[in-house]
Amino acid sequence: MSLRSLPSVDAVLSDASVAPVIAHWGLQVVKDAVRHLQTEARGSEVPDWATTPSDYGPAIEDWITSRIGHGYRRVFNLTGTVIHTNLGRSILSAEAMKAAAEAATAPVTLEYDLGTGRRGSREGIVTHRLKLLTGAEAATVVNNNAAAVMLVLNTLAFDRSIPVSRGELIEIGGSFRIPDIMARSGSRLVEVGTTNRTHLSDYENAIDSSTALLLKVHPSNYHIEGFAKSVSEKELVRLGRARDLPVCIDLGSGTLLDLERFGLPHEPTPREMIASGVDLVTFSGDKLLGGVQAGIVVGRDALIARLDSNPMKRALRADKITLAILDATLRAYEDESTVTKRIPLLATLTTPLEELDTRAAAVSGALMDHLDDVLSVSIEASQCQLGSGALPDQHVPSRAVAISGPGRTIEKLSTKLRRLPIPVVSRRQSGRLWLDMRCAEPLDELIASLKTLST
């Protein structure tokens with residue numbers, strides 16, 4: 001094919017077949033993709049599709065997704081990881097999204113006092129709810145938990161030292177490491193103890209005139225067993241009181257309810273930490289809390305006041321939509337009789353196994369007519385993990401549809417599931433493809449998507 005046979009960019013963009021691609025990705029992104037595709041075509045033999053404007057749609061889609069990504073498409077999370085960081089963590093309730101829409105589409109009293117007609121408190125209602133729910137004297141909010149930890153360290157320990165157990169020098173997703181954030185905060189890390197065993201005396205021996213605070217970090221996404229020992233919060237509090245040092249606990253996930261009430265493993269709560277005498281507790285808003293991405297700090301009034309007065313707080317502060325969603329989420333926690341229905345994460349975690357069996361039967365039935373003959377389908381007992389650093393050593397009983405067959409055919413099916421109108425994200429385990437049912441909702445939409453699966 002001659003280079004002269006390439007249509008103009010405008011001819012491609014004006015073709016009716018490309019209109020849906022533009023509607024999805026936007027004019028400038030699609031125009032950029034067409035230009036790159038034609039540049040690539042000029043550097044080699046011109047492919048047949050490149051000469052016909054109506055054939056550009058699939059090539060544009062492939063170019064964008066392979067080089068830029070898939071944007072923010074809705075998917076079904078059937079991986080068995082409930083709070084999946086790569087899939088957006090906790091799902092928000094309709095109640096929370098209504099609050100977000102109201103905050104986003106009209107002026108709101110974000111920092112305005114209707115009584116005085118003057119500037120008001122940005123976080124007033126949110127921090128008040130946090131005090132009631134955790135028993136803390138005060139609270140503040142930033143845009144994620146890493147920011148919360150950064151703000152605490154920069155405020156209280158700039159150019160000073162902090163002893164931290166070697167068993168708590170964690171790395172979480174995206175190569176985020178506690179030692180790195182401590183260095184960026186301007187504080188100095190003093191490693192104490194060993195990876196598997198840290199004693200109170202290790203902290204005591206590390207304290208000197210430069211020590212600013214005592215920090216304990218939730219182990220997040222790993223668990224140490226066997227010949228292991230760590231120092232409890234209460235021990236650190238006693239040491240902190242004796243040496244006049246504040247104690248900060250980074251809980252990571254942070255749940256406001258005792259999960260054991262729902263037959264789930266226990267996870268330390270901010271209220272428990274505050275009751276034990278901890279001075280500051282940091283935790284996330286979009287993990288076990290089941291809300292929006294936010295970093296929350298609760299604790300002693302004088303320390304929170306110092307955090308709020310740090311210029312860094314403005315750089316890290318939450319916006320009006322985040323605060324509106326967080327407020328709606330916290331409001332749901334104030335009524336424990338209805339909270340499991342109002343917080344989608346809690347509803348998911350407390351769904352009975354009988355309901356998961358029903359989902360599995362429907363999903364396996366929908367798959368039967370759309371799979372290669374070499375594949376077989378069965379319903380299996382499975383184990384969910386909470387994900388995002390919550391209870392890494394504990395699991396929640398679940399049900400899954402397991403698909404067995406040759407490895408290449410399984411991989412081909414996994415790819416097909418990810419290419420459905422609403423993509424289905426599964427997991428590979430023990431040579432089989434598993435579709436976990438704990439997050440398989442809305443079920444009718446999942447079944448409809450699965451029925452479009454080509455054999």
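Visitor: What stands opposite Trp434 in β17?
Guide: That is Ala402. Keep in mind that this is a predicted model.

Visitor: What makes β14 and β17 a pair?
Guide: Two strands pair if DSSP finds at least two bridges between them. Strand β14 (residues 396-404) and β17 have 4 bridges, in the antiparallel sense, so they qualify as paired.

Visitor: And what about β16 and β17, in which sense do they pair?
Guide: Strand β16 (residues 427-429) pairs with β17 in the antiparallel sense, over 3 bridges. Here Gln429 has Arg432 in β17 as its bridge partner. The hairpin of β16 and β17 has 2 residues between the strands, and Ser430 takes a positive phi near 55° there.

Visitor: Why is β17 called mostly covered?
Guide: A residue counts as buried when its relative accessible area is under 20%. In β17 (residues 432-436), 4 of the 5 residues are buried, so the strand is described as mostly covered. For the chain, buried residues make up 49% of the 455 residues.

Visitor: Why is α7 called roughly perpendicular to α12?
Guide: Helix α7 (residues 145-157) and helix α12 (residues 301-309) pack at an angle of about 100°, with their axes 9 Å apart. Angles of 65 to 115 degrees count as roughly perpendicular, so that label applies to α7 and α12.

Visitor: Which residues meet there?
Guide: Leu151, Val152, Thr155 and Leu156 in α7 meet Leu303, Arg306 and Leu307 in α12. By class, the residues of this contact are 5 nonpolar, 1 polar and 1 charged.

How values were computed. Residues numbered from 1 in each chain as written. Predicted model: local features only at pLDDT ≥ 70, side-chain atom pairs only at ≥ 80, totals over all residues. Heavy atoms only, no water. Axes fitted to C-alpha atoms, helices over the stretch in contact; angles between N-to-C directions. Parallel < 35°, antiparallel > 145°, perpendicular 65-115°, else oblique. Contact = heavy atoms within 4.5 Å. Nonpolar A, V, L, I, M, F, W, Y, C, P; charged D, E, K, R; others polar. Buried < 20%, exposed > 50% of the residue type's maximum accessible area, 1.4 Å probe, protein only.
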